[in-house]
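Colleague: I would like to learn how to read the features of a protein model from its coordinates. Could you take me through this one?

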Amino acid sequence: MTESDREQRHRLRMQRQKTVVDAAIARADRKKGLLLVFTGNGKGKSTSAFGMVARALGHGMRIGVAQFIKGRSDTGEEAFFRKQDNVVWHVLGEGFTWDTQDLTRDTETARRGWTVAQAMLSDPSFDLIVLDELTYPIKYGWLDLNTVLHDLKNRPPMQHVIITGRAAPEALFDAADTVTEMTDVKHAFRAGIQAQEGIDL
Ligand code: ATP
Ligand code: MG
């Protein structure tokens, strides 16, 4: 095959691909508030959500963040986003279950936290809400899944919501518009590397 044959074949293939892509773009003609779920055991769930917070801020949008499990208070994202006028940042959890070791307290904390989330989910001035690590209080039964689904469903129609955390229940997948499962192919922690600034916190 000559060079110009290859060029010609490439051009035809790209033309066909463009037709398919253009048709798909033309079909996607609606806008709505989306529910996104980032789950799985691999790293990148919360940081992906915070990447979207940065993206939304760039468009002048107003963002609410609720952290349901407070792993640590020294993360770069919290320090950075708390300085932004358009971000409201709530820490609603007290720590990992293996740290608190107190079921009643964890349950009360989660329920109190959900009332804060509910307030944001009924406030149309929030364009994007991040419910970080929400899957844990659901998984442990501290929060009623049906209440969560009900409040998500009845939020303002243009409001976007991101839920992060491992082991998201199937019902959340059903309710969501976009679901990404992060796969843990490899993680430096297992090679004895400690959590480092800018990467893990
Ligand atoms: P990140 O905040 O880095 O996006 P994540 O939200 O996907 O991570 P979490 O389960 O919330 O993951 O864990 C938060 C912390 O644990 C982060 O410091 C992260 O680097 C680390 N971590 C995430 N996945 C793993 C893993 N598979 N093994 C060990 N540590 C992990
Ligand atoms: Mg996380």
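Modeller: What follows goes from the whole chain to its strands, then to the cores and a few individual residues.

Modeller: Some conventions come before that. This is a predicted model, in which local features need pLDDT of at least 70 and side-chain atom pairs count only at pLDDT 80 or more, while totals for chains, interfaces and linings use all residues. Residues are numbered from 1 along each chain as its sequence is written, chains are lettered from A and ligands numbered from 1 in the order in which they are written, and side-chain values use heavy atoms, with hydrogens and water left out.

Colleague: How many helices and strands does the protein chain have, and which pattern do they follow along the sequence?

Modeller: Helices (H or I, at least four residues) and strands (E, at least two) are taken as DSSP runs and numbered from the N terminus. On that basis the protein chain has 8 helices and 6 strands, and along the sequence they follow the pattern α-β-α-β-α-β-α-α-β-α-α-β-α-β. Its C-alpha atoms fill a box of roughly 75 × 45 × 35 Å along the principal axes.

Colleague: What percentage of the residues counts as buried, and what share of the contacts joins residues at least 24 apart?

Modeller: Buried means under 20% relative accessible area, exposed over 50%, and partly exposed in between, with a 1.4 Å probe and protein chains only. Of the 201 residues in the protein chain, 37% are buried by this criterion. A contact means heavy atoms within 4.5 Å, and among contacts between residues at least 6 apart in sequence, 78% join residues at least 24 apart.

Colleague: Which strands pair with β5, and in which sense do they run?

Modeller: Two strands pair if DSSP finds at least two bridges between them. Strand β1 (residues 35-40) pairs with β5 in the parallel sense over 4 bridges, and L36 has I162 as its bridge partner in β5. Strand β4 (residues 128-132) also pairs with β5 in the parallel sense over 4 bridges, with L128 standing opposite H160. Strand β2 (residues 63-67) in turn pairs with β4, again in the parallel sense, over 5 bridges, and the partner of Q67 in β4 is D132.

Colleague: How should I read the two faces of such a strand?

Modeller: In a regular strand the side chains alternate between the two faces of the sheet. In β5 (residues 160-164), 5 of the 5 residues are buried: H160, I162 and T164 lie on one side and V161 and I163 on the other. In β4, likewise, 5 of 5 residues are buried, with L128, V130 and D132 pointing one way and I129 and L131 the other way.

Colleague: How many residues has the largest nonpolar core, and which of them have the most contacts inside it?

Modeller: In soluble globular proteins, nonpolar side chains tend to be buried together. A nonpolar core here is a set of buried Ala, Val, Leu, Ile, Met, Phe, Trp, Tyr and Cys residues joined through side-chain atoms within 4.5 Å. The largest has 27 residues, and those with the most contacts inside it are F68, W114, L131, L134, L152, V161 and I163. At least two residues come from each of β1, α5 (103-121), β4, α6 (135-139), α7 (145-153) and β5, and α5 gives the most, with 5 residues. Residues up to four places away in sequence aside, L152 touches L35, L121, L131, V161, I163 and L172. Another core, of 16 residues, lies apart from it and includes A56, W89, L128 and I162.

Colleague: Is E78 buried or exposed, and which residues is E78 in contact with?

Modeller: E78, found in helix α3 (residues 76-81), is buried, with a relative accessible area of 9%. Leaving aside neighbours within four places in sequence, E78 is in contact with Q67, K70, S73, W89 and V91.

Colleague: Where are E133 and A167 found, and what is the phi of each?

Modeller: E133, in the loop between β4 and α6, has a positive phi of about 65 degrees although it is not a glycine, and at 17% relative accessibility E133 counts as buried. A167, in the loop between β5 and α8 (170-175), is also a residue other than glycine with a positive phi, near 55 degrees, but A167 is partly exposed, with a relative accessible area of 43%.
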